[in-house]
Amino acid sequence: MDPENQGKIKSLVDEHGPEELVVVLGAADLESIEVTAETLTAGDPAYVGPLAGVQLGLPVLHILDEEVKEQADPDVYDEQVGLLEMTLDTGAVHEAMRKIRGGP
Amino acid sequence: MRLAGKKVIALGERDGVPGPAIAEVVRSAGAVPVFVETECFV
């Protein structure tokens with residue numbers, strides 16, 4: 001994950017507190033989802049950015065999670081994500097998110 | 001998790017769903033995007 005963005009997110013957590021914040025990812029591949037989620041929960045696994053060794057413990061959702069879709073305006077969701085939802089490998093995304101949450 | 005009232009870090013990706021699209025969606029759910037970015041994962 002981009003070190004510059006790690007620094008900005010760290011500042012946001014300092015400013016708002018982790019309980020106020022939720023991360024929503026848009027990445028499509030397993031590795032990217034895993035690395036980003038790990039960086040924002042347990043710290044930068046590459047130990048290069050400002051989040052190296054910093055456990056933010058932020059809740060991480062994915063834009064393709066049913067949980068997100070259900071809460072959004074259906075028209076807005078269709079307009080912004082509908083086409084991508086059809087072309088992306090949603091199965092891989094759901095699998096990655098299950099793994100992150102420690103599910104089976 | 002309820003999104004309404006939360007501050008959202010919308011971390012999109014060039015090969016997936018971009019940050020601004022995530023921001024629009026969470027805004028429609030009553031959340032406030034405070035950081036919107038589209039990363040390029042390599």
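Guide: This is a predicted model, and in chain B, among the contacts with a separation of 6 or more, 54% are accounted for by residues 24 or more positions apart.

Visitor: What pattern does chain B follow along the sequence, and how many helices and strands has it?

Guide: Chain B has one helix and two strands, and read along the sequence these follow the pattern β-α-β. The C-alpha trace of chain B spans about 35 × 15 × 15 Å along its principal axes, and buried residues make up 50% of the 42 residues in the chain.

Visitor: What makes a residue of α1(B) count as buried, and which residues of that helix are buried?

Guide: The cut-off is 20 or more other C-beta atoms within 10 Å of the residue's own, and the residues of α1(B) that are buried are G19(B), A21(B), I22(B), A23(B), V25(B) and V26(B). These buried residues pack against β1 and β2 of chain B, and also against β1, α3 (66-71) and α4 (74-87) of chain A. After α1(B) comes G30(B), with a positive phi near 90 degrees.

Visitor: How do you know which residues of chain B are in contact with chain A, and how many are there?

Guide: A pair of residues is in contact if the C-beta atoms lie within 7 Å, and by that criterion 27 residues of chain B are in contact with 31 residues of chain A. On the side of chain B that touches chain A, the elements giving two or more residues are β1 (7-13), α1 (19-28) and β2 (32-39) of chain B. By class, the residues of that side divide into 16 nonpolar, four polar and seven charged.

Visitor: What makes β1(A) and β1(B) a pair of strands?

Guide: Pairing requires at least two bridges between the strands, and five bridges join β1 of chain A (residues 21-25) to β1(B), so the two count as paired, and they run parallel. Within this pair V23(A) stands opposite I9(B). Strand β1(A) is also joined by three bridges to β2(A), again in parallel, and there V23(A) stands opposite V60(A).

Visitor: Why are β2 of chain A and β2 of chain B said to stand at the edges of the sheet?

Guide: Four strands form an open sheet in the order β2(A)-β1(A)-β1(B)-β2(B), with parallel pairing. Both β2 (60-62) of chain A and β2 of chain B have a single partner strand, so one side of each is left without a neighbour in the sheet. From one strand to the next the twist averages 25 degrees.

Visitor: Why is α2(A) called roughly parallel to α5(A)?

Guide: Helix α2(A) and helix α5 (residues 90-100) of chain A pack at an angle of about 30 degrees, and their axes are 9 Å apart. Angles under 35 degrees count as roughly parallel, and therefore the description applies to α2(A) and α5(A). Their crossing is right-handed. In the contact, L30(A), I33(A), E34(A) and A37(A) of α2(A) meet A92(A), V93(A), A96(A), M97(A) and I100(A) of α5(A), which by class gives eight nonpolar, no polar and one charged residues.

Visitor: What does α2(A) lie across, and at what angle does that helix run to β2(A)?

Guide: Helix α2 (residues 30-41) of chain A lies across β1 and β2 of chain A together with β1 of chain B, and the angle to β2(A) is about 155 degrees.

Methods:
Residues are numbered from 1 along each chain as its sequence is written. Chains are lettered from A and ligands numbered from 1 in the order in which they are written. This is a predicted model: local features need pLDDT of at least 70, side-chain atom pairs count only at pLDDT 80 or more; totals for chains, interfaces and linings use all residues. Two residues are in contact if their C-beta atoms, placed from the backbone, lie within 7 Å. Ala, Val, Leu, Ile, Met, Phe, Trp, Tyr, Cys and Pro count as nonpolar, Asp, Glu, Lys and Arg as charged, and the others, Gly among them, as polar. Axes are lines fitted to C-alpha atoms, for helices over the stretch in contact, and angles run from 0 to 180 degrees between N-to-C directions. Angles under 35 degrees count as roughly parallel, over 145 as roughly antiparallel, 65 to 115 as roughly perpendicular and the rest as oblique. A crossing is left-handed if the near helix is turned anticlockwise from the far one by less than a right angle, and right-handed if clockwise. A residue is buried if 20 or more other C-beta atoms lie within 10 Å of its own, exposed if 12 or fewer, and partly exposed in between; C-beta atoms are placed from the backbone.
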